[in-house]
Amino acid sequence: LKVSEGSELCEPVNFRGVEVLAPMVRAGTLPLRLECLRYGADLVWGEEIIDKKLLGAVRMENPSFGQVDYVSPREQVAVFSTCSEERSRVIFQLGTAS
């Protein structure tokens, strides 16, 4: 398993001896992920995002909260939010639908 950061490949993720917050339906939002990291989780998973929803999303920087939101223009809601505090410690789940 390799994760990419920018255009470079990172080291494989080693899950031995690591505290993780497993994927949870409708509960992998940024505030909960950050709280889990602050309480000792080494890795957290975001909610699974369906590819079609992400394709139409617009990347918006939110300097008030120091985060980046991917917003659905049609629904006017954040599809995914992230920030520098969780960088390299969040697992992004991408699903697909036919």
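Is Glu75 buried, partly exposed or exposed, and what is its relative accessibility? At 34% relative accessibility, Glu75 counts as partly exposed. Good morning, colleagues. Please bear in mind throughout that this is a predicted model.

Let me stay with Glu75 for a moment. Glu75 forms a salt bridge with Lys53, and the closest N and O atoms are 3.4 Å apart. This pair links distant parts of the chain: Lys53 belongs to helix H2, residues 51–55, while Glu75 sits in the loop between strand S6 (67–72) and S7, 22 residues apart. Lys53 is likewise partly exposed, because its relative accessibility is 38%.

I turn now to the strands. Strand S3, residues 20–21, pairs with strand S4, residues 43–50, in the parallel sense over two bridges. Within this pairing, Val20 has Leu43 in S4 as its bridge partner. Together with helix H1, residues 30–38, these two strands make a right-handed β-α-β unit. S4 also runs parallel to strand S8, residues 90–95, and five bridges join them. Here Trp45 has Ile91 in S8 as its bridge partner.

In one of them, the side chains of Arg33 and Glu86 meet at 2.8 Å, N to O. Distant parts of the chain are linked by this pair, since Arg33 is in helix H1 and Glu86 is in the loop between S7 and S8, 53 residues apart. Are Arg33 and Glu86 buried or exposed? Both of these residues are buried.

Another salt bridge joins Glu35 and Arg38, with the closest N and O atoms 3.8 Å apart. Both residues lie in helix H1, three residues apart, about one turn of the helix. Glu35 is partly exposed, at a relative accessible area of 35%, whereas Arg38 is exposed, at 51%.

Finally, I would draw your attention to Thr82, found in strand S7, residues 77–83. Why does Thr82 count as buried? Its relative accessible area is 18%, and buried means under 20%. The side chain of Thr82 makes a polar contact with the side chain of Glu86, at 2.6 Å. Leaving aside neighbours within four places in sequence, Thr82 is in contact with Leu30, Arg33, Gln67, Val68 and Val90. Thank you for your attention.

Conventions:
Residues numbered from 1 in each chain as written. Predicted model: local features only at pLDDT ≥ 70, side-chain atom pairs only at ≥ 80, totals over all residues. Heavy atoms only, no water. Pairing = 2+ DSSP bridges. Helix = DSSP H or I, 4+ residues; strand = E, 2+ residues; numbered from the N terminus. Right-handed = clockwise from strand over helix to strand, strands pointing away. Buried < 20%, exposed > 50% of the residue type's maximum accessible area, 1.4 Å probe, protein only. Polar contact = N/O pair within 3.5 Å; in protein donor to acceptor, adjacent residues only side chain to side chain. Contact = heavy atoms within 4.5 Å. Salt bridge = Lys/Arg side-chain N within 4 Å of Asp/Glu carboxyl O.
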